[in-house]
Amino acid sequence: MALQITAYVVALIMVVGACFSLLAAVGLVRFPDLYTRMHAASKAGTVGSGLLLFAAGLHSLDAAVFVRALAGFVFFVLTAPISAHLLAKAAHQAGYRMSKRSVIDQLPHKEEARRH
């Protein structure tokens, strides 16, 4: 009975993780500019891949494998948003334009930053 409950929990986590990964993929295709695409990839992609890794660790029923999967999940959560932020900041400084649908640009442009 306990194994069956574990299987259902793992299946539920995998479906949720797959849905987040699907949302990240749709965001990469549908969003208008580089910045919103990186947002989709870093947020939804991190949660989706992290949940899938967590489900794989839980499915193994081995403590050592579960701890490694949990460490991988924490690594995803800590590194993906930071790297996406740094890539977006570098793209902004390189001159990639935001979409016309974007409301406000909170970073100063390269030329404006040099004057200050």
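This passage walks through the fold of one protein chain, from its overall form down to a few single residues.

The model is a predicted one, so local features are reported only at pLDDT of at least 70 and side-chain atom pairs only at pLDDT 80 or more, while totals for chains, interfaces and linings use all residues. Residues are numbered from 1 along each chain as its sequence is written, and side-chain values use heavy atoms, with hydrogens and water left out.

Start with the overall layout. The protein chain carries 4 helices and 0 strands, giving α-α-α-α when read along the sequence; helices (H or I, at least four residues) and strands (E, at least two) are DSSP runs, numbered from the N terminus. Along the principal axes, the C-alpha atoms take up a box of roughly 65 × 25 × 15 Å.

As for the surface, the protein chain exposes about 8400 Å², with carbon and sulfur atoms supplying 70% of it; accessible areas come from the Shrake-Rupley method with a 1.4 Å probe, and for residues only the protein chains shown count as cover. Of the contacts with a separation of 6 or more, 61% involve residues 24 or more positions apart, a contact being heavy atoms within 4.5 Å.

Helix 1 runs over residues 2-30, and its 29 residues reach 42 Å from first C-alpha to last, close to the expected 42 Å. The expected span is 1.5 Å times one less than the number of residues. Its buried residues are Val 10, Ile 13, Gly 17, Ala 24 and Gly 27, and helix 2 (34-60) is part of what covers them.

Phe 54 sits in helix 2 and counts as partly exposed because its relative accessibility is 23%. Leaving aside residues up to four places away in sequence, Phe 54 touches Ile 13, Phe 66 and Leu 70. Phe 75 lies 21 residues from Phe 54 in sequence and 12 Å away in space, C-alpha to C-alpha.

Then comes the loop between helix 2 and helix 3, which holds Leu 61. Leu 61 has a positive phi of about 55° despite not being a glycine. Most residues other than glycine have a negative phi. Leu 61 counts as exposed because its relative accessibility is 56%.

Helix 3 (residues 63-94) has 32 residues and spans 46 Å between its first and last C-alpha, close to the 46 Å expected. Buried here are Ala 69, Gly 72, Ala 80, Ala 84, Ala 88, Ala 91 and His 92, and the buried residues of helix 3 pack against helix 2. Ala 80, for one, is counted as buried because its relative accessibility is 18%. Not counting residues up to four places away in sequence, Ala 80 touches Ser 42 and Thr 46. Ala 2, by contrast, is 78 residues from Ala 80 in sequence and 34 Å from it in space, C-alpha to C-alpha. Just after helix 3, Gly 95 takes a positive phi of about 105°.

Terms used
Buried < 20%, exposed > 50% of the residue type's maximum accessible area, 1.4 Å probe, protein only.
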